[in-house]
Amino acid sequence: MLPTERLSYSPILERPALKLPGGARMVVWVIVNVEEWDPTEPMPRTVITPPAGGSPSPDIPNWAWHEYGNRVGFWRLVEVFDALGIPAVLAINGCAIAAYPPIVEAALVRRWEFIGHGFTQRSMQKAADERDDIRRTATAIAAATGRRPRGWLGPGLTETWETPDLLIEEGYEYVCDWVLDDQPVWLRTRGGGIVNLPYTQECNDVAMMLIQHHKAAEYYDRAIDQFEQIHGDAAGGARVMALVVHPYIMGAAHRTKYFRRALEVIRSRSDVLFWTGEQIFDWYVAAAPAAQTAT
Amino acid sequence: MANHMLPRERCDYSAIVDRPPLKLPDGARLVFWTIVNFEVWDIGRAMARQVLPAPTGQPLLPDVPNWSWHEYGMRVGAWRFFQLFSQLGIRPTLATNARVCEDYPRVAGQALRDGWEFMGHAYDQLPIHACGDQAAMIGRALDILERFTGQRPRGWLGPGLTQTLETPELLASAGIKYIGDWVYDDEPTVIRTANGPLVTLPYTVELNDIPMMIVQHHQSDYLLRRTIDQFDRLYQEGKDRAKIVALAIHPYISGQPHRIKYLEQIYEYVNRFEGVLHWNGLQILDWYLASRTDSAIEVAA
């Protein structure tokens with residue numbers, strides 16, 4: 001299906017206002033992405049290019065730079081979530097479950113939500129068998145956590161035309177790849193509706209630090225600008241804001257404080273809920289059942 | 001290539017929080033490791049980096065504007081470094097193409113007189129994948145540095161940190177003890193090679209003027225800001241666990257007149273703190289090997 005067949009265009013101001021419990025105006029959810037980079041493949045992102053360019057393989061320096069996130073940076077992020085009492089959502093490659101058991105354990109004991117993030121960190125359009133990739137990811141997460149993942153984020157938000165259909169058929173309930181709204185939306189699939197939650201490429205350290213090359217402080221500045229605007233907008237109905245971090249980027253020693261400060265400011269507001277993806281999903285499904293909206 | 005170990009076979013995944021902390025002598029919290037990089041850019045080849053691509057982006061050979069830009073570092077920028085470090089009494093690690101000793105003996109000789117540590121950094125500035133006989137290149141580079149300095153280097157950094165899967169074996173058999181190519185931890189680690197272990201020291205692609213200024217195009221003063229942020233965090237963590245701040249600089253980048261003052265201000269800042277050791281790579285290696293009690297100690301030989 002084309003995107004326009006999965007959902008109809010809808011201006012946000014013309015929908016019935018969504019209401020959150022306890023008079024909260026908005027939800028913030030924070031997604032930590034944990035990946036395993038295969039040293040025999042081209043690296044998904046790079047910080048240093050080889051002398052005179054090109055892309056010689058193996059690319060050990062950029063592999064090592066990413067691995068730093070899982071050996072060191074992740075633990076700085078954990079400290080932030082612990083100190084502020086905020087739940088995280090762990091979007092994790094299926095293969096990373098076996099590669100980084102201490103990370104899985106740390107997320108489990110904190111009751112973070114696990115969502116599927118591809119079996120490996122490669123475009124879904126390159127997966128030899130997309131259904132198998134989606135299924136193996138769910139199996140790996142279920143084996144490690146005792147619960148099947150309810151949510152899915154494509155590696156780099158990538159999808160094929162069929163991805164939402166495969167996700168619903170494989171038991172996922174929500175997806176995060178469609179950054180087209182401040183509220184959840186229903187997408188049609190051949191097996192019924194799937195919810196899309198507002199994820200972000202704007203308040204996302206990959207886009208900001210690695211593509212656009214902003215200073216670390218821009219993560220804080222942009223998060224607060226985004227927050228203030230959405231908080232104001234939410235007078236007309238509940239809205240959702242996402243913040244995205246990767247251990248190898250915001251877990252670098254010189255960046256973590258900007259992430260922490262953004263969360264500190266937002267948490268100081270009493271009318272903001274920090275929820276996991278499945279909390280947003282459950283609330284939205286109750287507030288806007290598929291039958292009313294997905295036609 | 002199929003016969004060589006993958007990174008994960010050289011060293012298991014380890015979460016830093018699961019390791020016993022390393023401790024520095026006399027209650028020091030942090031090592032500040034300065035690495036200066038000297039290179040030779042062969043005018044007969046594509047330049048290692050470009051500040052100014054040719055109009056319409058055409059490849060340029062010879063690439064005189066970018067060759068000259070790098071050459072400025074050896075003619076002018078390096079002397080700002082020598083002045084700064086001699087004033088401060090800091091003796092950095094010099095990661096140097098061996099060919100610097102042939103093409104720029106005046107510059108290499110100054111580093112030697114100033115007591116800098118010479119670290120192997122290939123013969124000249126090509127990705128290591130592109131040198132035909134890697135073992136011969138490594139041997140040649142180390143021989144040249146040994147002849148020039150009287151000491152065989154114990155440290156190695158690939159050009160642009162590049163390695164093939166066989167590089168660690170070749171380095172270990174050439175007598176190298178530590179490498180800077182694996183920027184995957186805050187602490188030194190030991191990796192396996194078929195020819196004995198190698199130590200990885202936490203070199204950096206974060207506090208490094210190539211990614212920051214040439215790849216990411218940050219403003220000059222961001223080197224100072226980022227280094228302060230990195231230092232503050234690692235100094236705080238250094239209360240419980242020894243930390244290392246590596247800073248990698250190149251004379252054609254940080255030696256520019258508009259950038260040098262930010263480098264100077266970095267040292268003004270960090271030198272206000274107690275418990276900061278300005279060590280070179282060899283000093284870090286020796287401390288790390290003495291701190292370990294297991295079989296890794298055999299690397300020290």
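Reader: Which residues in H2(A) meet which residues in H9(A)?

Author: This is a predicted model. On the H2(A) side, the residues are A:Arg76, A:Leu77, A:Val80 and A:Leu84. They meet A:Thr256, A:Phe259, A:Arg260, A:Leu263, A:Glu264 and A:Arg267 in H9(A). By class, this contact has five nonpolar, one polar and four charged residues.

Reader: How do I read the geometry of two packed helices?

Author: Two packed helices are described by the angle between their axes and the distance between the axes. Here, H2 spans residues 60-84 of chain A and H9 spans residues 256-267 of chain A. Their axes come within 10 Å and cross at roughly 20°. Angles under 35 degrees count as roughly parallel, and H2(A) and H9(A) are therefore roughly parallel to each other.

Reader: Is the crossing of H2(A) and H9(A) left-handed or right-handed?

Author: H2(A) passes H9(A) in a right-handed crossing.

Reader: Which residues have the most contacts inside the largest nonpolar core?

Author: A:Trp29 and A:Leu90 do, in a core of 167 residues. H2(A) gives the largest share of this core, eleven residues.

Reader: What does A:Leu90 touch?

Author: Leave out residues up to four places away in sequence. A:Leu90 then touches A:Val32, A:Val34, A:Ala107, A:Trp112, A:Glu113 and A:Phe114.

Reader: Now the chains. How many residues of chain B are in contact with chain A?

Author: 42 residues of chain B are in contact with 31 residues of chain A. On the chain B side, helix H7 (209-215) and helix H8 (222-237) are the elements that give two or more residues. H8(B) gives the largest share, six residues. By class, that side has 23 nonpolar, eleven polar and eight charged residues.

Terms used:
Residues numbered from 1 in each chain as written. Chains lettered and ligands numbered in written order. Predicted model: local features only at pLDDT ≥ 70, side-chain atom pairs only at ≥ 80, totals over all residues. Axes fitted to C-alpha atoms, helices over the stretch in contact; angles between N-to-C directions. Helix = DSSP H or I, 4+ residues; strand = E, 2+ residues; numbered from the N terminus. Parallel < 35°, antiparallel > 145°, perpendicular 65-115°, else oblique. Left-handed = near helix turned anticlockwise from the far one by under 90°. Contact = placed C-beta atoms within 7 Å. Nonpolar A, V, L, I, M, F, W, Y, C, P; charged D, E, K, R; others polar. Core = buried A, V, L, I, M, F, W, Y, C linked by C-beta atoms within 7 Å. Buried ≥ 20, exposed ≤ 12 C-beta atoms within 10 Å, placed from the backbone.
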